[in-house]
Amino acid sequence: MAQNLKLLVPLHVSYIQNLGKSQDELAYHLTAHLRMNAIYWGLTALYIMGHQGALDREEMIEFVMSCWDEEAGGFGAHPDHDAHILSTLSAIQILIMQDALDRLDVDRVVKFILSLQQPSGVFSGDSFGEVDTRFLYCAVNALSLLGRLSELDVERTVSYIRECRNYDGGFGATIGAESHAAQVFVCVAALAILDRLDVVDQQTLCWWLSERQLPNGGLNGRPEKLEDVCYSFWVLSALSILNKMTWIDSEKLVSFILSAQDPESGGIADRPGDMADVFHTQFGVAGLSLLGYPGLVDLDPVYCMPASIIEARGLRKGWKSLPRKSL
C-alpha cells in the first residue's frame, strides 16, 4: 500500500458540496430515507476538515425544519417521512453545529424520545417498534446534548446494555445478538455519557477490538469479515474512550483509509476501488482525526461531533485520541 498518500481535502469538500445537486438521478430518491443522516455526515466531515462553511447554513437549517413531524414531535429523514430517532438525533446535531438550536421545540423532542423507551430499557426507533442498541445510544446522546439526561431512567437503560454484553467483551444489537464493532461503539459511548463505563470488561473488549485489524491495516466489524473504512471510527471510538488507541497499528490504518479515496471525484469508499459515499467519507475522516492525522480538527468520539462544540457544552468525557501530527 502506498505510504505517500495524502488526504485530498479540497476534493472531498467539493464532493460533499455536490451531493445534493443530483436530484434528477434515481439514486438521490432511493436514498431519501437517509437524507437527514447524510447531511449530518457531510457537515461533520466538513467540520473536521476545517471547511464547515462550505454548505449554505440557512438552506441546511430550513431543510432540517422541513422534516419536522408535527404529530410525533420528532424529525423524519426527509419531508413527509415519519419521525425516527436516528434522524431526530442527526437533526439535533446539525442544529447544534449550525448554532440554531433555538429553532427546536426541545420539550416536544424530549417527550418523543422518552416515549420510545421500552420496559426492558432499550429504545425503539419509532412508533413501529423495532429495537436496537443504536436507538438507545441515539436517545442517550440526544438527551445529553439537550441538557435533559436527568429525565432518563438511567438504571433501566444501563441494565439493558449490560444484558447485551457477550463473553468476548463485545456488545450486540439486542440481548443475545453477536458482538459487532458498531454496536460496541454505541454501547460504550452511551455508557461513557452515563458515567457507567464500569459495566465494560475493558481488557477483554479492547483485545477483541484490536483483533479487528487485518494484515492490510483495515478494520472489520466482526471476525472473518472484510475490512471496511467505517470501522475506522466504530473501533477507534471505543478504543479512544477506553484509552487503548495504541492497541492497533495506526500507521497501517491511516494508509488503508487514504487508499480508499477517490482521487478523481473525491469522497472515500468502504475499501479501495469501490464507489465513494458520504457515509464512508465521514467515518474515514473521523477515524483519521482520532489517529492524529495532521491538519484535521479534533473529533469527540463519544458524540461523533467536533470536540470544541462538545467541550463548550461541558460534556467532554475522558477519551484520548493520538497526538495530532504536524503538517
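Contact here means heavy atoms within 4.5 Å. Helices are DSSP runs (H or I, at least four residues), numbered from the N terminus. This is a predicted model: local features need pLDDT of at least 70, side-chain atom pairs count only at pLDDT 80 or more, and totals for chains, interfaces and linings use all residues. Residues are numbered from 1 along each chain as its sequence is written, and side-chain values use heavy atoms, without hydrogens and water.

**Helix pairs**

In α9, Ala181, Ala182, Val184, Phe185, Val188, Ala189 and Ala192 meet Tyr231, Phe233, Trp234, Val235, Ser237, Ala238 and Ile241 of α11. By class, that contact has 13 nonpolar, 1 polar and no charged residues. Nonpolar covers Ala, Val, Leu, Ile, Met, Phe, Trp, Tyr, Cys and Pro; charged covers Asp, Glu, Lys and Arg; the others, Gly among them, are polar.

Axes are lines fitted to C-alpha atoms, for helices over the stretch in contact, and angles run from 0 to 180 degrees between N-to-C directions.

| Pair | Angle | Axes |
|---|---|---|
| α9 and α11 | about 35 degrees | 8 Å apart |
| α7 (residues 133-145) and α8 (residues 154-163) | roughly 150 degrees | within 11 Å |

α7 and α8 are therefore roughly antiparallel (angles over 145 degrees). Thr133, Leu136 and Val140 of α7 touch Thr157, Tyr160 and Ile161 of α8. That contact has 4 nonpolar, 2 polar and no charged residues.

**A pocket**

The second largest pocket is lined by 33 residues; Asn37, Trp41, Leu86, Arg134 and Cys138 lie nearest its centre. Elements giving two or more residues to the lining include α7, α9 (181-193) and α11 (231-241). The lining divides into 20 nonpolar, 10 polar and 3 charged residues. A pocket is an open set of points on a 1 Å grid over the protein atoms alone, where a 1.4 Å probe fits, with protein on both sides within 12 Å along at least five of seven lines; lining residues have an atom within 4 Å of a point.

Technical notes: Parallel < 35°, antiparallel > 145°, perpendicular 65-115°, else oblique.
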